[in-house]
Amino acid sequence: MADRRARVHDAVDAPDVALQPVLDGLAHHLAVDAWFHREPVFLHGETAARAALRRASTAPKMGLFAHIAWELCLDGALLRRLGAPQVLRGVRDSLAAVRPDVHHRVAAARVRLPAADRAVFEARVDRILDAIAAGPWVSGYATAPGVVERLDGLRVRLGFSPMSPDDRAAVAEGLEALGPDADASFDAITAREGHGRSAAPLLPSRP
């Protein structure tokens, strides 16, 4: 989100031991992400989201956004189950735990970028974290219009024209219809291996 070139790689040198909890969390996230995106409950939902987006909108290439749309629908299900205040507390506590610079030190160890671009990258990361901690970005996932707002922002950042008001309304209606499926899928995912509703938040996914 801060730089499209930023990709995690294995550290060549042993990192500072103080970074280990964050590195463990990063490894856990990547492993869960790989598992999650292969699961039938995710793949079926992505297919349903693609069909809903294509039916609802005349905007070009809407089907390309089915993957992120379904992720955001599942984030909305989490917010409805746990409540936005509880999720935001967890997100803010996690962000505070890496301030002021643990997150930058982890990135220096694991994200390969030219040295000249590092300061810009770190500033963007901090702006993103500040925006996430503010609350509306995350809480917006709980409603179909909020998801549409974020999808349209992503489309614009990728060079597409903004959706028309009619398209936004139609896409919101299509995603609203997926709400019950998202709630059921969230329960199916978090019920595995005894996680139940205390599962760690999926948030934030992509803005």
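Leaving aside its neighbours within four places in sequence, which residues is His104 in contact with?

Modeller: His104 is in contact with Glu122, Val125 and Asp126, once neighbours within four places in sequence are set aside. Contact means heavy atoms within 4.5 Å.

First, some ground rules. This is a predicted model: local features need pLDDT of at least 70, side-chain atom pairs count only at pLDDT 80 or more, and totals for chains, interfaces and linings use all residues. Residues are numbered from 1 along each chain as its sequence is written, and side-chain values use heavy atoms, with hydrogens and water left out.

Now the residue itself. His104 sits in helix H5. Helices here are DSSP runs (H or I, at least four residues; strands are E, at least two), numbered from the N terminus. His104 has a relative accessible area of 11%, so it is buried. Buried means under 20% relative accessible area, exposed over 50%, and partly exposed in between, with a 1.4 Å probe and protein chains only.

H5 covers residues 102–110, and its buried residues are Val102, His103, His104, Val106, Ala107 and Arg110. An α-helix has 3.6 residues a turn, so residues three or four places apart point the same way.

Take H6 next. Two packed helices are described by the angle between their axes and the distance between the axes. The axes of H5 and H6 come within 11 Å and cross at roughly 135°. That angle makes H5 oblique to H6. Axes are lines fitted to C-alpha atoms, for helices over the stretch in contact, and angles run from 0 to 180 degrees between N-to-C directions. Under 35 degrees counts as roughly parallel, over 145 as roughly antiparallel, 65 to 115 as roughly perpendicular, and the rest as oblique.

Who meets whom? From H5 come His103, His104, Ala107 and Ala108. They meet Arg118, Phe121, Glu122, Val125, Asp126 and Leu129 in H6. By class, the contact of H5 with H6 has five nonpolar, two polar and three charged residues. Ala, Val, Leu, Ile, Met, Phe, Trp, Tyr, Cys and Pro count as nonpolar; Asp, Glu, Lys and Arg are charged; the others, Gly among them, are polar.

Pro100 is in the loop between H4 and H5. The peptide bond from Arg99 to Pro100 is cis, with omega near 5°.

H4 leads on to H3. The axes of H3 and H4 come within 6 Å and cross at roughly 110°. H3 and H4 are therefore roughly perpendicular to each other. H3 brings Leu78, Leu79 and Leu82 to the contact, and H4 brings Ala84, Gln86 and Val87. Five of these residues are nonpolar, one is polar and none is charged.

H3 (residues 66–82) also has a partner in H10 (residues 179–190). Their axes come within 8 Å and cross at roughly 75°. H3 and H10 are therefore roughly perpendicular too. In H3 the meeting residues are Trp70, Cys73, Leu74, Ala77, Leu78, Arg80 and Arg81. In H10 they are Gly179, Asp181, Ala182, Asp183, Ser185, Phe186, Asp187 and Ile189. This contact of H3 with H10 has eight nonpolar, two polar and five charged residues.

One of the H10 residues deserves a look. Asp187 is partly exposed, with a relative accessible area of 23%. Asp187 and Leu74 are 113 residues apart in sequence, yet 9.9 Å apart in space, C-alpha to C-alpha.

Lys61 is not a glycine, but it has a positive phi of about 60°. Its relative accessibility is 55%, so Lys61 counts as exposed.

Last, the whole chain. The protein chain has 10 helices and zero strands. Of its 207 residues, 42% count as buried. Among contacts between residues at least 6 apart in sequence, 76% join residues at least 24 apart.
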